[in-house]
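Biologist: I would like a close look at one part of this model. Please keep it brisk.

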Amino acid sequence: MVELGVNIDHIATVREARRTNEPDPVWAAALAELGGADGITVHLREDRRHIQERDVEILRQTVKGRLNLEMACDENVLEIACRIRPDQATVVPEKRQELTTEGGLEIVLQKARVKNVIDSLHAAGIRVSMFLDPDLAQIEAAAELGADAVEIHTGKYANLTGAAQLEALRVIEIAGRRVRESGMLLHAGHGLTYGNVRPIARIPEMHELNIGHSIISRALFVGMEKAVREMKALMHS
């Protein structure tokens, strides 16, 4: 059954808006797990715009399920990841000016750099997932470099409607098949909401979905536990 990783970055976004100590993403993670989250996802960005190193350290001690650390190919963050040792690291692209991650990581053109990151994480006992567009060349490169999983970027699918969205879904399904045939776990995420999650969750052998903004937005009105519970119900319906 497909698992749910809840991204709690935007709890920290609210905190950092006032440079204070609340709301605390550690509390949010606990409530998300009470609501049924299988894992907690946080992105430790180079510019530390939301999640801080302190958050990752405490979450490593308190998260009961899987802790998934999103990170760029940055030496400083790599060092932190290898020290804290989350259960999983998802390697993503990162630009300082972007509001959120805008696309999948380009690994074909930087294999040596990505290979160093994967090997370092593996040496620390961390499972490695690559955040990629549904591009077969990128997926094949991930398998070649020894990644354990691929998280398909679903942003294009999420931003479309009607026939165009169905075509984007078909592209994701084809990419997902290649991920599984390559022996890697299939993950997906970005832009998934209560309204569009079910077709993605139904893709054969989908292992994990990582969802943040939609759940946090819903939690403002119904609470974190209920928001997570509702998302899981849709995923499994």
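Which residues does Leu-121 touch, not counting residues up to four places away in sequence?

Modeller: This is a predicted model, where local features need pLDDT of at least 70, side-chain atom pairs count only at pLDDT 80 or more, and totals for chains, interfaces and linings use all residues. Residues are numbered from 1 along each chain as its sequence is written, and side-chain values use heavy atoms, with hydrogens and water left out.

Leu-121 touches Met-71, Leu-78, Ala-81, Cys-82, Ala-89, Val-91, Ile-126 and Val-128, leaving aside residues up to four places away in sequence. Contact here means heavy atoms within 4.5 Å.

Leu-121 also belongs to the largest nonpolar core, which has 73 residues. Such a core is a set of buried Ala, Val, Leu, Ile, Met, Phe, Trp, Tyr and Cys residues joined through side-chain atoms within 4.5 Å. Buried means under 20% relative accessible area (1.4 Å probe, protein chains only). Leu-121 is among the residues with the most contacts inside this core, along with Ile-8, Met-130, Ile-200, Leu-209, Ile-215 and Met-224. In soluble globular proteins, nonpolar side chains tend to be buried together.

Helix α4 spans residues 75-84; helices are DSSP runs (H or I, at least four residues), numbered from the N terminus. Helix α3 (residues 53-62) packs on α4 at about 20°, with the axes 11 Å apart. Axes are lines fitted to C-alpha atoms over the stretch in contact, and angles run from 0 to 180 degrees between N-to-C directions. The two helices are therefore roughly parallel (angles under 35 degrees). Glu-53, Val-56, Glu-57 and Arg-60 of α3 meet Ile-80, Arg-83 and Ile-84 of α4.

Terms used: Angles under 35 degrees count as roughly parallel, over 145 as roughly antiparallel, 65 to 115 as roughly perpendicular and the rest as oblique. Buried means under 20% relative accessible area, exposed over 50%, partly exposed in between (1.4 Å probe, protein chains only).
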